Amino acid sequence: MVNLKIKTLENLKTLVQNFQQNGQTVVLANGCFDWLHVGHIRYLKGARDLGDCLVVAVNGDASVKKLKGVSRPLMPANERAEILAALSCIDYVVVFNELNVEQVLRSLQPQIHCKGTDYTEHTVPEREIVKSYGGRVAIVGDPKDHSTHNLLQRSMEMDKNTPSD
């Protein structure tokens with residue numbers, strides 16, 4: 001299935017430049033999005049509220065495995081990207097394979113780079129890169145009391161306590 005919202009970084013660069021040349025604000029959010037939950041939705045909606053175009057950069061499978069452990073990702077990157085692309089608040093999705101989103105930021109240079117509330121504007125790892133091209137960092141979403149890790153833990157505990165047939 002071809003999804004027109006899922007782009008390569010090179011294709012996306014041209015689209016982002018067109019938005020910016022037309023005076024529109026491009027916002028970038030990123031993450032693994034391994035098991036989409038309400039915290040992700042609130043983060044993405046908060047990011048969308050800051051601009052005209054929301055681009056979501058999704059960690060590729062190898063980087064998720066390195067960041068989250070050998071049992072992850074739960075779904076391959078193309079499926080995670082397809083799920084995100086189905087959300088109306090997202091304009092474009094790009095999968096990146098590096099451990100961090102620095103290359104995507106350098107290439108696209110969005111005016112705003114959003115991170116969740118587990119960061120502050122001063123602790124965002126990519127802050128200096130964003131500042132170097134004149135962008136800004138914004139913290140969006142609700143308090144970080146939702147996580148895929150916690151959902152997986154609860155699911156495993158429930159599974160242990162469920163009688164088998």
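Reader: Which residues does L28 touch, not counting those up to four places away in sequence?
Author: This is a predicted model, by the way. L28 touches V55, A57, V101, V104, L105, L108, P110, I112, H113 and C114, with residues up to four places away left out.

Reader: And which residues touch the most other members of the largest nonpolar core?
Author: L28, V55 and V104 do, in a core of 20 residues. Two or more residues each come from α1 (9-21), β1 (26-31), β2 (53-59), β3 (92-96), α5 (102-108) and α6 (127-132). Another core lies apart from it, with 19 residues, among them A29, L44, V56 and C89.

Reader: Switching topic: is R80 buried or exposed?
Author: R80 is buried, because its relative accessibility is 1%, under the 20% cut-off. R80 lies in helix α4, residues 77-85.

Reader: What lies 2.9 Å from a polar atom of its side chain?
Author: The backbone oxygen of N59 does. Setting aside neighbours within four places in sequence, R80 is also in contact with residues including C32, F33, D34, G60 and D61.

Reader: Which other residues of α4 are buried?
Author: Besides R80, they are A77, A81, L84 and A85. Down the axis of α4, the buried residues fall within an arc of 135°, so they line one face of the helix.

Reader: Why would residues three or four places apart point the same way?
Author: Because an α-helix has 3.6 residues a turn.

Reader: What do the buried residues of α4 pack against?
Author: They pack against α2 (38-48), β2, α3 (61-68) and β3.

Note on methods:
Residues numbered from 1 in each chain as written. Predicted model: local features only at pLDDT ≥ 70, side-chain atom pairs only at ≥ 80, totals over all residues. Heavy atoms only, no water. Helix = DSSP H or I, 4+ residues; strand = E, 2+ residues; numbered from the N terminus. Buried < 20%, exposed > 50% of the residue type's maximum accessible area, 1.4 Å probe, protein only. Polar contact = N/O pair within 3.5 Å; in protein donor to acceptor, adjacent residues only side chain to side chain. Contact = heavy atoms within 4.5 Å. Core = buried A, V, L, I, M, F, W, Y, C linked by side-chain atoms within 4.5 Å. Arc of directions from axis to C-beta.
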